[in-house]
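Reader: I'd like to learn how to read a model like this one, starting with its ligand and then its sheets. Can you walk me through it?

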Amino acid sequence: MPYLAAFVPPEWKVIHIDEEVSPIDITIAVDLVGITFHTPSAFHVYDLAAQFRKRGIPVALGGPHVTLMPEEAQAHADVIFVGEAELQWPQFLRDFEIGRHMHRYCSTAVPALNAVPMARKELYHRRDFTGGRLFATRGCPHACDFCAVAVMYQRKVRARPVAAVAAEYASFPGKVVIFWDDNLASDREYAKALFRSIAPYRKWWSSQVSIQAGKDAEFLEWAAKSGCKQLFIGLESISQQSMNGVRKGFNRVEEYVRVIEHIHEHGIAVQAGIVFGFDQDTESIFIETLDFLESAGVQNATFNILTPYPGTPLYQRLERGRRILTRDWSKYNGREDVVFQPRHMSPETLLEGYRYANQRFYSGTSLYRRLIRSPVGLWWTLPLNLAYALALRSARQDAAADRGELLVRCASRRSSLESVSAINASKTRSTRG
Ligand code: B12
């Protein structure tokens, strides 16, 4: 939002509220409310929008879910933005000022990012996700069938001018910066030029890249020289069949160990993105993945339950197979709920396997095994691991409380308390209701 705010004419006053940081004051006196959100927040946002609209305040909605589900979002807003809004948002503001705006602004082509402004830093909050964050490129050339980016940006990769990115990078007062790019290695020559120009600022940075980055020595050399401390790589699965099945066959599983070693040799830590629940996954995938991550000495990992975001080929495939279990978007969080019928296991087994992976990976023994071999000092890897472990512990406590509440509901319906699937079914029904 601080980035979109940079397009707003200076005579407007912009207030930025991030619900991760503070609650929203529904009674606030404003002329227009704009909200961005991912799929899991959709119902919550529709509820918020209804409260503002009830007070006569127009609501504008945008973001990935709106782009992927425009018809649904339209019913909850005065105006929606479908696709990227660099051109349409300023147009809307002009229309709004003269009281003649449309209800839907669609970007017909992906915008070039040659002249985009820097985000408005005075709107950042101390503890939200915006401090020390910027993007250099947008989009990814790949078409993995579970990824919303491929649908949203039509696989078109665009880059900001190197000098503009370097200037924004330099403008952050802090030492640590994250490039929130979809794949900073989409154009590796561009990336190398960028690394050369940010090296003098002597900051530390991390970003997400595809596996090709780990094979390119010059990329890694310049990344390291410019202060790269960690790369997030979507390894996704240690099953080659699973990778082939979701159009990510360019991830060659037999190369993973060498790629991780290569990145480590440059003094860069690896954060692995792992997904469980692919059609080729069987129950052994959980233990095998953890054995692999520990033996490869991966410093950090983000585990996800495969989630078919609406609009993706994965969603369409599962829908055709009648395998979508719920359309309650709040469950499309990839962390707490399974929303589809996996092929070779039950939803409960998938959830338990996912929990097992988190518990084992962030246990003391695993931490010791992995971090002892870290190419980056403990000052970088330990706080990250502890932060993950703490976040997981609090999520587990919430889930336990949630399960307790569900047991009460089940009991009152005289459902079987032994059956986990009965609990899950009840959870789905009650949320829908
Ligand atoms: C950074 C990021 C995060 C950050 C978000 C921090 C933050 N406060 O912004 C963190 C790490 C927290 C995060 C979490 C998650 N993320 Co995320 N994330 C991203 C990422 C990499 C970049 C987002 C971004 O800043 N893009 C740049 C901006 C400029 O683009 P944009 O959001 O599309 O906005 C443009 C337009 O949509 C429009 N617009 C957007 N909002 C609005 C609002 C208004 C009023 C207007 C006018 C216009 C407008 O204007 C913008 C300029 O063109 C995207 C990938 C991507 N490229 O979008 C994934 C992505 C958005 N995330 C995704 C997912 C799945 C998640 C998680 C569910 C993952 C998980 N399992 O936990 C969670 C959900 C969090 C939640 N609470 O809802 C999916 C979204 C799928 C979906 N259908 O929602 C994406 C697309 C990744 C993917 N490969 O599929 N994420």
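This is a predicted model: local features need pLDDT of at least 70, side-chain atom pairs count only at pLDDT 80 or more; totals for chains, interfaces and linings use all residues.

Reader: Which protein donor does the cobalt atom of the ligand have?

Author: Donors are N, O and S atoms within 2.8 Å of the metal (3.2 Å for Na, K and Ca); water is not among the atoms, so sites may look incomplete. Here the cobalt has a single donor from the protein, NE2 of His-38, at 2.7 Å. His-38 sits in the loop between β1 (33-36) and α2 (42-54). Helices (H or I, at least four residues) and strands (E, at least two) are DSSP runs, numbered from the N terminus.

Reader: How many residues surround the ligand?

Author: Count a residue if one of its heavy atoms lies within 4 Å of the molecule. That gives 33 residues, the closest being Thr-36, His-38, Thr-39, Glu-86 and Asp-182. By class, the shell has 17 nonpolar, 11 polar and five charged residues; nonpolar means Ala, Val, Leu, Ile, Met, Phe, Trp, Tyr, Cys and Pro, charged means Asp, Glu, Lys and Arg, and the others, Gly among them, are polar. β1, β2 (59-62), α3 (64-68) and α6 (148-152) each supply at least two shell residues.

Reader: On to the sheets. What is the strand order in the open sheet of four strands?

Author: Two strands pair if DSSP finds at least two bridges between them. The order is β1-β2-β3-β4, with parallel pairing. β1 and β4 (104-106) are the edge strands, each pairing on one side only. From one strand to the next, the twist averages 15°. β1 and β2 share four bridges, and Gly-34 has Ala-60 in β2 as its bridge partner.

Reader: Which strands does α2 touch?

Author: Contact means heavy atoms within 4.5 Å. Angles run from 0 to 180 degrees between N-to-C directions, with axes fitted to C-alpha atoms, for helices over the stretch in contact. α2 packs on the sheet against β1 and β2, at about 160° to β2. Helix α5 (88-97) lies across β3 (79-82) and β4, at about 150° to β4.

Reader: And what is the order in the open sheet of six strands?

Author: Read it as β5-β8-β9-β10-β11-β12, again parallel. Its edges are β5 (133-134) and β12 (300-305).

Note on methods
Residues are numbered from 1 along each chain as its sequence is written. Side-chain values use heavy atoms; hydrogens and water are left out.
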